[in-house]
Structures are given as C-alpha cells and as structure tokens.
Amino acid sequence: REAALARTRVAPGQRPLDALAEELWQRPGRAWRPAEPWAAFFGVDGGLFGLWGSYGLTRTLVFARDRLEENVVYYWGNYLRLAMVVMAAVMYKKPLALLGGFSILLVWDIMRKFNARTQLDKQGLAYQAIQLLVSIAAWLVLVVSNLMLALSWAIILVLAIVFVHGTLRLAPGERRVRRLPF
C-alpha cells in the first residue's frame, strides 16, 4: 500500500481513488506511469501457491470497494495498458469502426487548423454553416461506422475486467498478512 500511495500523494482522510483522480486532473501526463511487473499483476510471481495466495473474496462490500480502490491506484499503469489492448482487439474485430475513428480524428484536426487560420467571424452565418455541416458529417461517420457501439463494448469489457480483477486480487496492503491455503 505504501508503494501505491508513494506514487499518488494521499492526504490524511482522503480516499486513494480521489487522490488519483485529482492528480490526473492536475497533471494528465502522470497517467502514463510505469506498469507493475505483469507476473505480480496477475499474481503468478510465486508459482501456483503464489496464485492461490494472490486472490480471494472479501467478507463485505465495504472491503471489496476499498480493495478495488487500492488496486486501481496501485495497478493504474497495468490497467491502462490492458485497456489499450482490449480497445485494439475490439477495433480489430470491427475495422469499419477503426476507419470511422480515424476519420473523426482527421475531421477534428482539419477543423482545429481551420479555426486557427480562418478570418471568418465566429458568430457569422458562414462559420456557423461550416460548423453545422462538419457536425452532420461527423455524426454520419459515427452512425455508418458503428464507432460508438465498438467503443461502448470496449469500455464495458475494460470496466468488467478491472472490476473483477480489482475486487478479487488482494491489495498490496493485504498481501503482507500470510493467508492459509484453505
């Protein structure tokens, strides 16, 4: 627990997940923190007995929530990389959605550059018409490519993985107490 809290500064009385959210809000670059070793993340660093001693059920929902919060803070880098792999796998299965995502990014970049260079009045009719046409085009790309469906499935899958792993995996503070194998 101390290692996770050392990376994320937690004030006395503050929940670890709130401290992580505040830290990421103030310094978004901290989201790319190094991942823990994958063997430790999956609990297989101690062999079969290590796997047995790395997971367990909690007795109450309060303990499950605390365990989930501590694991999300401690394994933030691993969960972020796992989310990218799941997102890539979902997009691989839906190549039209991937193409739609690239198209939306391209349209966004073109509009960002247009807004920086344009001499049009932002409240004028011509500028508003261009914005409306680009919004309609982006909406059509979203509908035709099923990008939102693919993103929704990826988010649901990532949240399910994080929830199951985070609640079953013993938190770093719990692992110091030796568990019996039965």
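The model is predicted. It shows a protein with nine helices and zero strands.

**The surface patch**
- Two helices, H7 (95–117) and H8 (125–145), each supply at least two residues of the nonpolar patch.
- Helix H8 gives the most, with six residues.
- Trp139 counts as exposed because its relative accessibility is 52%, and the cut-off for exposed is over 50%.

- In soluble globular proteins, nonpolar side chains tend to be buried together.
- Here, the largest nonpolar core has 20 residues, and Val72 and Tyr79 touch the most other members.
- Helices H2 (16–26), H5 (61–74), H6 (76–93) and H9 (147–168) each supply at least two residues of this core.
- Val72 is in contact with Leu17, Leu20, Tyr79 and Val162, leaving aside its neighbours within four places in sequence.

**The whole protein**
- Along the sequence, the pattern reads α-α-α-α-α-α-α-α-α.
- The protein has 182 residues, and 30% of them are buried.
- Take the contacts between residues at least 6 apart in sequence: 73% of these join residues at least 24 apart.
- The accessible surface comes to about 12,300 Å². Carbon and sulfur atoms account for 71% of that surface.

Note on methods
Residues are numbered from 1 along each chain as its sequence is written. This is a predicted model: local features need pLDDT of at least 70, side-chain atom pairs count only at pLDDT 80 or more; totals for chains, interfaces and linings use all residues. Side-chain values use heavy atoms; hydrogens and water are left out. Helices (H or I, at least four residues) and strands (E, at least two) are DSSP runs, numbered from the N terminus. Buried means under 20% relative accessible area, exposed over 50%, partly exposed in between (1.4 Å probe, protein chains only). A nonpolar core is a set of buried Ala, Val, Leu, Ile, Met, Phe, Trp, Tyr and Cys residues joined through side-chain atoms within 4.5 Å. Contact means heavy atoms within 4.5 Å. Accessible areas come from the Shrake-Rupley method with a 1.4 Å probe; for residues, only the protein chains shown count as cover.
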